Amino acid sequence: MAAAPPPSQPVPAPAAAGFRLGFIGPGNLAESIARGVVASGVLPAAAIRTAPHRRPERAAAFASIGAHIMETNAQVVDESDVIVISVKPQIVREVLVELKPLLSEEKLLVSIAAGIKMEDLQGWSGHRRIIRVMPNTPSAVGQAASVMCLGDMATDNDENRVRSLFSAIGKVWTAEEKYFDAVTGLSGSGPAYIFLAIEAMADGGVAAGLPRDLALGLASQTVLGAATMVNQTGKHPGQLKDMVTSPAGTTITGIQELEKGAFRGTLINAVVAATKRCRELSQS
Ligand SMILES: NC(=O)c1ccc[n+]([C@@H]2O[C@H](COP(=O)([O-])OP(=O)(O)OC[C@H]3O[C@@H](n4cnc5c(N)ncnc54)[C@H](OP(=O)(O)O)[C@@H]3O)[C@@H](O)[C@H]2O)c1
């Protein structure tokens, strides 16, 4: 029997059986998902549909993938098995109330709207077959960290379908909704923490005499390489750190400076503070 994947690794996506995928809101994230799904062969472009809202260039972006462009949100729902709600969070209520009469039991609703809770999605849509997903901005480059939670009427097959969609733009985990504020504080806000770290490491390189371009390239590739080592080796990051810190060497000297500046404590506090802010915003 194959060994179970370690807990830090998401469950691999099973092959998705064919279904029709509709996007309500042809925005940036919807486009990333559509492109990823087609590029990875999860669905053919002809299985994807959306309707333009105000900006015609958004429909053009979907047309360039080969997706069907319909006239109204209602047509998209009518001709889709899985409907992704990909409008901004403040528009979700209005859209779901409008679509409520069209959501028959066999349709699966998927919300990617940040901060909109399952309870509200169910209340506004009158539908219970829902999966809520929290992706993050690296979805634009196929490296999203996405977490999904299942509504009480979502089936195992629904979970597999959504896993296949979000595996096309990165990695995906399933977790209870009670974790979503912390997910937002970690993977939702996390890319910005790392942008700061890359910028600061590059500044350090420039301060130490490197040309700016070289410093920035080295800093970003170093972050990518370190993250890939954690993901691919399955080794604890502390173990990887121990492997590269020789006695009285350069790396432990650098780490000593980071610890003087409370590097780890500051990152821990950043995730906890962002989680708290997410909770406050969702209650206001
Ligand atoms: N981008 C990310 O990395 C990311 C990460 C996590 C979660 N999310 C969530 O994903 C959702 C979409 O984000 P985004 O960055 O892709 O935003 P976006 O590019 O602004 O996309 C929103 C789309 O919704 C359309 N729209 C507005 N009102 C509509 C309506 N009544 N009916 C149909 N379409 C309508 C907009 O069209 P017009 O512009 O033509 O009005 C636009 O194409 C948000 O809820 C956000 O919280 C995004």
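Tutor: Helices H1 and H2 are roughly parallel to each other, a label given to angles under 35 degrees, with over 145 called roughly antiparallel, 65 to 115 roughly perpendicular and the rest oblique. Here the crossing angle is roughly 5°, and the axes of H1 (residues 28–39) and H2 (residues 56–65) come within 10 Å. Such axes are lines fitted to C-alpha atoms over the stretch in contact, and the angles run from 0 to 180 degrees between N-to-C directions. Helices are DSSP runs (H or I, at least four residues), numbered from the N terminus. The model is predicted, so local features need pLDDT of at least 70 and side-chain atom pairs pLDDT 80 or more, while totals for chains, interfaces and linings use all residues. Residues are numbered from 1 along each chain as its sequence is written, and side-chain values use heavy atoms, without hydrogens or water.

From H1, the residues Asn28, Ala30, Glu31, Ala34, Arg35 and Val38 meet Arg58, Ala61, Phe62, Ser64 and Ile65 of H2 (contact means heavy atoms within 4.5 Å). By class, this contact of H1 with H2 holds six nonpolar, two polar and three charged residues. Ala, Val, Leu, Ile, Met, Phe, Trp, Tyr, Cys and Pro count as nonpolar, Asp, Glu, Lys and Arg as charged, and the others, Gly among them, as polar.

For Leu29, a backbone N or O atom is 2.8 Å from an oxygen atom of the ligand, and for Gly27 the distance from a polar backbone atom to a ligand oxygen atom is 3.3 Å. Taken alone, the ligand exposes 900 Å², of which the protein buries 87% (areas from the Shrake-Rupley method with a 1.4 Å probe). In total, 24 residues surround the ligand, and the closest are Leu29, His53, Arg54, Arg55 and Val87 (a residue counts if one of its heavy atoms lies within 4 Å).

Technical notes. Helix = DSSP H or I, 4+ residues; strand = E, 2+ residues; numbered from the N terminus. Polar contact = N/O pair within 3.5 Å; in protein donor to acceptor, adjacent residues only side chain to side chain.
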